[in-house]
Each structure stands twice: as structure tokens, then as C-alpha cells.
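Please look over the structure below before reading on. The report goes from the whole chain down to single sites.

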Amino acid sequence: MSEGFLCGYACIIGRPNVGKSTLLNMFIGQKLSITSKKPQTTRWRLLGIKSTADYQIIFIDTPGLQNRRQSSLNRHMQREIVESLNYVNAIIFVIEALVWKQPEEQILSIIGNLKCPVLLLINKIDKLKNKELLLPFIDSISAKYKFHEVIPVSANTGDNIDLTEKTIIPLLPLAPAVFSEDQLSDRNERFFAAEFIREKLTRILGAELPYKISVTIEKFTDNGHAIHIFSYIWVESENQKKIVIGKNGRNLKYIGERSRKDMEQMFGKKVYLETWVNVRKKWTEDPRSLLQFGYETKADS
Ligand code: GDP
Ligand code: MG
């Protein structure tokens, strides 16, 4: 490690669905964080670690800040964000091009009081039909707060992702690396296995159901050549179970195949995956289930 090595944390925040997780994956160059068109896909604070010979940026992906659905699960997600903001060196505030509404105002009112520099990323510029609207939009947003930088980006095409990274580097303090150079995340393989399954569920199921689903990995054995995984999908009712399984098991088959592909790509070996659907009534409100499924509930009591 060189003497002038820089290392620090950059927290990605923003309303649900603006592209935070897609951005994280783009920064790291590998799919770590699951994404979908549905708001609230991300439930966990997840680290994505970018290491070079000169610096290490530890990106923190967070669930979207919002105030609907005040279930225990949602309180867990809010806490994940607020706790992250206490120790970061840069805040990456993500919005969608031409969209600045009440959730954005609300987030600004939280982060505007922190001393930490805030980069505003205007994402999804690839979707913009009329690019001329972008400059006046940037002007009006820039008037709201003294952002460290305002950068239009596209997490889909990778536009200005390098520029964003270059802007973050000087904000990092002189410090040795926290993680080893080859470590991409703070999470283990079991975590990603469960998340990849939850991603497929979120993508193919209707609007509400994804919030009623959790995935656990009951068995994960790696014999060197192949990994055998046994997982449970938890839902809240028999009816939901039927939907998840699908006609003639069609959904479950699709979910299994797609998840297995993601896992094989990440783990670099053959994966044998078995998934079962289980019913646990009202698990999103039950502290014991939340704990079992990995969501901390300490501040809820
Ligand atoms: P998050 O909730 O903020 O983490 O958002 P996600 O990363 O899950 O993305 C939400 C949706 O927006 C997904 O369907 C992404 O594919 C899509 N998305 C993210 N970034 C871009 C982008 O730059 N351009 C376009 N067109 N879509 C994007
Ligand atoms: Mg996300």
C-alpha cells in the first residue's frame, strides 16, 4: 500500500427506484446489489468496495428513504440509512432526471444539516427525450443547496460513472485500506444467494407481494467443484404461496433457473439450487421472524 493511500466511505441515498443499487453495481463493476422496477427492492445496507493501488472507496447502498408503510420491516430499512450517515466522507444523493419532489426535499432537509460533502447525481439521463431541459433543471436544483458537485449520469449506460468516482477520490481521508484488495463486499455468499432469489421474486411478482417475501438459506455446502444450496422462500399466506409457485410450478422454476445463473456467475462454479415455499403468517410484523430472517429489530421494542 502506498504512503498517500486514501480510504473512506461514500453513502448512496435517494428515493426508492432512482437507481441507487444499479449505480453501486456500476461503480464496482459487478452485480452485488439487487435491482428492480419496484420501489423498496433493497432492504439492507450493503457495502460495495472499490480498490485500486492508490485508494479504496467503500460505497454504501441503502434502502430508499420513504415514509409510507411503517411496518417493522420499514423501520429496519430507515434505520439502515440514518446509521450510515454518521461516519461517511461523501454522500451521493441520487435523483432521477427532471424529478424533484417532496421526497427529494425531505432527504435534502436531512442531509443538508450534515457537514459531509454531498454529490448530487442526476440519474437516468439516457431516458431523457429532450436533453435541453437538463441545464435549467440543474440550475434550479443547484440553487437549493451548495452541492459539492452536480453530475448527470446514467447507471444503465455508465455515462459519467468514471467522472463521479474521480470526484469522490479527493474527499477520502488519508488512511489504510479497511478491506483487502480482492474483497468486493462485506456480505458473504449465503447473503448473495438469498438476495439473488429475492430479486427474481421481486421482478416477476405483482406490485404488493414482494414486500411480503423473505428468503433464507438453510444449507450452503461447497465441495470445491460445486455448491449445493437449499433455500426457503417465506410468504404470509397459502394464497401467496400459490402465486409464488405459479401454474405447474412455472414461477418457481423460472426463479430457480435465473437465480442459479447469477450465483454461478458470482461464485465461479456450478450451483445446485433447491427452493421451497413456506408460509409464516404476518412475518413482516413479527419481531421474532424478522430476527430469524436477518433483520435487526432492537430499536423497535
Ligand atoms: P434503487 O431503488 O434506487 O436502488 O433503484 P434500482 O437500482 O433498483 O433501479 C430501479 C429501476 O431503475 C431498475 O429497473 C433499473 O434498471 C432502472 N435504472 C437504474 N438506473 C437507470 C438508468 O440510468 N437509466 C434507466 N433507463 N434506467 C435505470
Ligand atoms: Mg436499491
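## Overall fold

This is a predicted model. The protein chain contains 9 helices and 9 strands. Its radius of gyration is 20 Å, close to the 19 Å that the globule rule gives for 301 residues, so the chain is as compact as a globular protein of that length. Along the principal axes, the C-alpha atoms fill a box of roughly 55 × 45 × 45 Å.

Of the 301 residues, 52% count as buried. Contacts reach across the sequence. Among those with a separation of 6 or more, 72% join residues 24 or more positions apart.

## Nonpolar cores

In soluble globular proteins, nonpolar side chains tend to be buried together. Here the largest nonpolar core has 58 residues. Seven names stand out in it: Phe59, Ile92, Leu201, Ile229, Ile233, Val244 and Phe267 touch the most other members. Helix 6 (residues 189-204) gives the largest share of this core, 7 residues. Both domains take part: at least three residues come from each of domain 1 (6-171) and domain 2 (189-300).

Take Leu201 as an example. Beyond its neighbours within four places in sequence, Leu201 is in contact with Ile213, Val215, Ile233, Val244 and Ile255. Another core lies apart from the largest one. This other core has 32 residues, among them Cys11, Ile91, Trp100 and Ile141.

## Helix 3

Which residues of helix 3 (residues 102-111) are buried? They are Glu104, Ile107, Leu108 and Ile111. Seen down the helix axis, these buried residues fall within an arc of 100°, so they line one face of helix 3.

## Magnesium site

Which protein atoms coordinate the magnesium ion (ligand 2)? The donors are OG of Ser21 and OG1 of Thr42, at 2.0 to 2.2 Å. Ser21 lies in helix 1 (residues 20-28), while Thr42 sits in the loop between helix 1 and strand 2 (46-51), so the pair ties together parts that are 21 residues apart in sequence.

Are Ser21 and Thr42 buried or exposed? Both residues are buried.

Notes
Residues are numbered from 1 along each chain as its sequence is written. Chains are lettered from A and ligands numbered from 1 in the order in which they are written. This is a predicted model: local features need pLDDT of at least 70, side-chain atom pairs count only at pLDDT 80 or more; totals for chains, interfaces and linings use all residues. Side-chain values use heavy atoms; hydrogens and water are left out. Buried means under 20% relative accessible area, exposed over 50%, partly exposed in between (1.4 Å probe, protein chains only). Helices (H or I, at least four residues) and strands (E, at least two) are DSSP runs, numbered from the N terminus. The arc is that of the directions from the helix axis to the C-beta atoms. A nonpolar core is a set of buried Ala, Val, Leu, Ile, Met, Phe, Trp, Tyr and Cys residues joined through side-chain atoms within 4.5 Å. Domain bounds come from an automatic or database domain assignment. Contact means heavy atoms within 4.5 Å. Donors are N, O and S atoms within 2.8 Å of the metal (3.2 Å for Na, K and Ca); water is not among the atoms, so sites may look incomplete. The radius of gyration is taken over C-alpha atoms; the globule rule is 2.2 Å times the number of residues to the power 0.38.
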